[in-house]
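Welcome! Take a moment to look over the sequence and the model below, and then we will walk through some of the features together.

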Amino acid sequence: MEESEINDLGFHVGIELSLDDDLEEVGMMTKKTPVASSVLAFNNLTYSVNTSKESRFRGILGRKHTQAITSTRAKRKMLLNNISGEAREGEILAILGPSGSGKSTLIDALANRISKESLGGSVTLNGETLESGVLKMISAYVMQDDLLYPMLTVEETLMFSAEFRLPHSLSKAKKMERVQTVIDELGLRNAAKTIIGDEDHRGISGGERRRVSIGANMIHDPILLFLDEPTSGLDSTCAFMVVKVLQRIARSGRIVIMSVHQPSSRVVSLLDQLIFLSQGETVYYGSPVNLSPFLSEYGHCVPENEDTTEFMLDAYRELEDVPGGTRRMIELNQEWYKKRNHRSNSEYSTTRLDQSSKEVIPRGKLIYKDIGLTSFANPFWFDTVVLVKRSLRNSNRMPEVIMNQIGITLFLACFLGSLFWHLEKTEQGVQEQIAFFAFMVTTIFFCCTDILAVCIQDRHIFIRETAYNAYHRSSYALYRSIIDIPIILIVSIILASITFWSVGLGGGYSGFLFYFFVIFTAFQEGHSVVTLVSGLTFNIKVAYVLAVPIIGLFLLISGFFIHRNRIPSYWIWYHYSSIVKYPYQAMLLNEYDVPDLCVVKGTNEPIKSCLLTGPDIVKKQDINDLSKWSCLWITLAMSVLYRILFYLSLVIGSRNKRK
C-alpha cells in the first residue's frame, strides 16, 4: 500500500454515531457501506533461528601469515517452513499443534511481530502488503496471560482502554457508549461493576478475565484480531464460552486468528478453518468437516465415538519421533489443498481488484482526519494523565498498602530517633551522628526497593499495551516519575520531622528544610534507580539481586567506610557516581559546614576553648570537595538521569518483534 493512499486513514471505533449529531465533534466520518468480505492471505512463510556455535583457533605463534583454523558447528532451527493459507472475514482460523510446533511463531508472523529481514514469504490483506503502522491501527493482539489492574472494575478497565485507543476529541459519553457495546458483545453485562481481582481480592472468573483482556484490545474495533492461546488455563466450559464470543466477534465482520493447544470437540465445532502444525510445517489445512476424510485418505480412519481433532494430534505426534515421519502427511496435505481447489491469494487479488485494503479499512468505522498514521490516538500528555488516573484509582482501593508504608516509616523514624536521642557534644557523639547520617541515607535507598514488584508488574502491562501503540513510551516514563511523588512526600516529612528534632540536629528551621529536601531528593533518586532496574529485567528475583548489591556497593564507596583520599584511583569514578555519596555528604555539610561552629567545647576555666569545630569535621571526613547545595542539585540531577536511562531501556527493551 502506497503512503499517499493511507495518510488519511483514521483511528477506528465501532460505534454507531449519527452523522448530523457528531460531525463537528469527531471530524470527518463515513457511513457503513455493504462490501464483500476481506481476506488476509499468507504465502510461503519461512522463519528460522540460528543456533550455531562458532569457535576459532588461531596459530600457536599468532603470526600474520598463519592460517586460521576455524571450527564451526552451524545449525539453524526451522520454526516455520513454507506455511500458506488465508483467513477470511467472518471466520475463525485456528492454529493447532503440540508445544513447540510453531503456533505462536505463526501468530507473530501474521501480526508483524517478526522482523522483515528474518521472515520469508508474504502476508497481504486483499492482495496488498500492509505497512506496519497501518497494521497496528487496524489489528489487535491478545497475549496468553491476563495482566490487568486488579482493583479496577470491568467497566473501568475497558473505559481506560478506550481513553488510550480512542481520540481525546471524542466525548466521554461516546467512549462509554463504545465500552457498553463491547461489554454486551463479550457477554460481560453481569460482571460490568465487579473488580478484576487477584489472589487477595475476589473478583471475576477466569473466563471473564480472558474476555476482558480481549475487550481491552478490541476497544478500537480492529479488523484483525490475533489471539495467542486464548483458552489456555481455562476449563472446558469457560474455553467454550470464550471461543463462542470470538465466533460472535468474527461474524460481526472481523478476521479472527487464534492458536489453540488442544481444543475440545465443542470448541472445534465453532472454528471455521484449521491449520495443524508439526515442527513448523503444515500437516493439515482446511475445515474441521474435511479432517476426517483427510485422515481416511491418509490411512488412519477415525474410530467411532473418538474426537477427530484429538485423533489427528495423537496420530502425527507419534510420527514426529521418527525422522521424516510426517513427510507423507505434509505431502498429502499439499495434494489435498490443490485437489479441493482452494483459492490462492493471487487468484483473490486478480478477481477482487476493486476491493483493496484502503476500501476495507474504513468501512463502518469513524475516520478522524487529524490522526492519519501518527500511530497514536492521543498526544503524550493526555496518555500520561490517563495513566496517572488509572494507577491512582487502582491504588486508592488498596489503602492498606499505603498505610503499611506510612506505618513502617513511622516505626523506623521513632526507632532511629530514640536510638540516637540527643547525641552528646563529644567526639564519640559526633561519630555516632555521622553513622546516623550514613544509616539514614542507606535506609532510604533500601526502602525504595519495595516498589520493585509493582514496577515489574506495571512494565509487563506496559509491554502488552504498547505493542500496538496504545500510548507513548514517553508517557509511561513520565507517569512512573509522577505517580510516586505523593507517597515520597509523606514519608519524607515523617522521617525529617521526627529524626531532626529527636537526634538534636542543628541549623534551626533552615537546617530542617534543607534536611527535608535531601531526604526527599534521595527518595526520588532511589526510586529512579529501582525503576531503571525494573526496566532492565522482567524477573523480580533478578531485579532484587541487581538492586540490593548495587545500593550496598554505592554505600561502601560513598565516603563513610573509606574516605575519598584513600580510594584507589581506578575506583574513584565509582565514588563520584555513587548515589549514596551526595545525599550523605549533603547531610554532613548541612550539620557541620558552618563557620565558627564549635561542636566540642573544652572544660578549662575561666576561658573555654573549642576542641572540635564544624570545619574540622568537614576536613577530617574529606567532604570539602562540594558545597551542600551542589550535593543536593547533583542528587536531583542523578534522579533525572536515571529516569532518562529508564526511558531508553523502554525504547530498547520493549521491542515486540523477533529478530
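A residue counts as buried when its relative accessible area is under 20%, as exposed when it is over 50%, and as partly exposed in between. At 47% relative accessibility, Gln279 therefore counts as partly exposed. Keep in mind that you are looking at a predicted model.

**The chain as a whole**

- The protein chain has 659 residues, and 53% of them count as buried.
- Its secondary structure comes to 26 helices and 14 strands.
- If you take the contacts between residues at least 6 apart in sequence, 79% of them join residues at least 24 apart.

**A buried strand and its neighbours**

- Strand β11 covers residues 273–278, and six of its six residues are buried, so the strand is largely enclosed by the rest of the structure.
- In a regular strand, side chains alternate between the two faces of the sheet.
- Both faces of β11 are covered: Gln273, Ile275 and Leu277 are buried on one side, and Leu274, Phe276 and Ser278 are buried on the other.
- Strand β5 (residues 92–96) runs parallel to β11 and is joined to it by four bridges. Here Ile95 has Ile275 of β11 as its bridge partner.
- Strand β12 (residues 281–286) pairs with β11 in the antiparallel sense, over five bridges. Here the bridge partner of Leu274 is Gly286 in β12.
- Together β11 and β12 form a hairpin, with two residues between them.

**Two residues with a positive phi**

- Gln279 lies in the loop between β11 and β12. Although Gln279 is not a glycine, its phi is positive, at about 50°.
- Asn82 is not a glycine either, and it has a positive phi of about 55°.
- Where does Asn82 lie? You will find Asn82 in strand β4, which spans residues 76–88.
- Is Asn82 buried, exposed or partly exposed? Its relative accessibility is 48%, so Asn82 counts as partly exposed.

- In soluble globular proteins, nonpolar side chains tend to be buried together.
- The largest nonpolar core here has 88 residues, and Phe436, Phe437, Tyr515 and Tyr592 have the most contacts inside it. Helix α21 provides the largest share of this core, with 13 residues.
- Apart from this core lies another one, of 60 residues, which includes Ile183, Phe276, Tyr284 and Leu291.
- Which residues does Tyr515 touch, leaving aside those up to four places away in sequence? They are Phe436, Phe437, Met440, Ala496, Thr499, Phe500, Leu505, Met587 and Asn590.

**The largest pocket**

- Rolling a probe the size of a water molecule over the atoms shows where empty space is left.
- About 1,200 Å³ of space lies in the largest pocket.
- The lining of this pocket is made of 43 residues, and Ser395, Val401, Gln405, Ile451 and Val454 lie nearest the centre.
- What kinds of residues make up the lining? There are 25 nonpolar, 10 polar and eight charged residues.
- Several helices each supply at least two residues of the lining: α15 (380–396), α16 (399–419), α18 (452–466), α19 (473–482), α20 (485–503) and α21 (508–536).
- The largest share of the lining, seven residues, comes from α16.

Conventions. Residues numbered from 1 in each chain as written. Predicted model: local features only at pLDDT ≥ 70, side-chain atom pairs only at ≥ 80, totals over all residues. Heavy atoms only, no water. 1 Å grid on protein atoms, 1.4 Å probe; cavity = no way out; pocket = protein on both sides within 12 Å on 5 of 7 lines; lining within 4 Å. Points joined across faces, edges and corners; volume = space filled by probe spheres on them. Nonpolar A, V, L, I, M, F, W, Y, C, P; charged D, E, K, R; others polar. Core = buried A, V, L, I, M, F, W, Y, C linked by side-chain atoms within 4.5 Å. Buried < 20%, exposed > 50% of the residue type's maximum accessible area, 1.4 Å probe, protein only. Contact = heavy atoms within 4.5 Å. Pairing = 2+ DSSP bridges.
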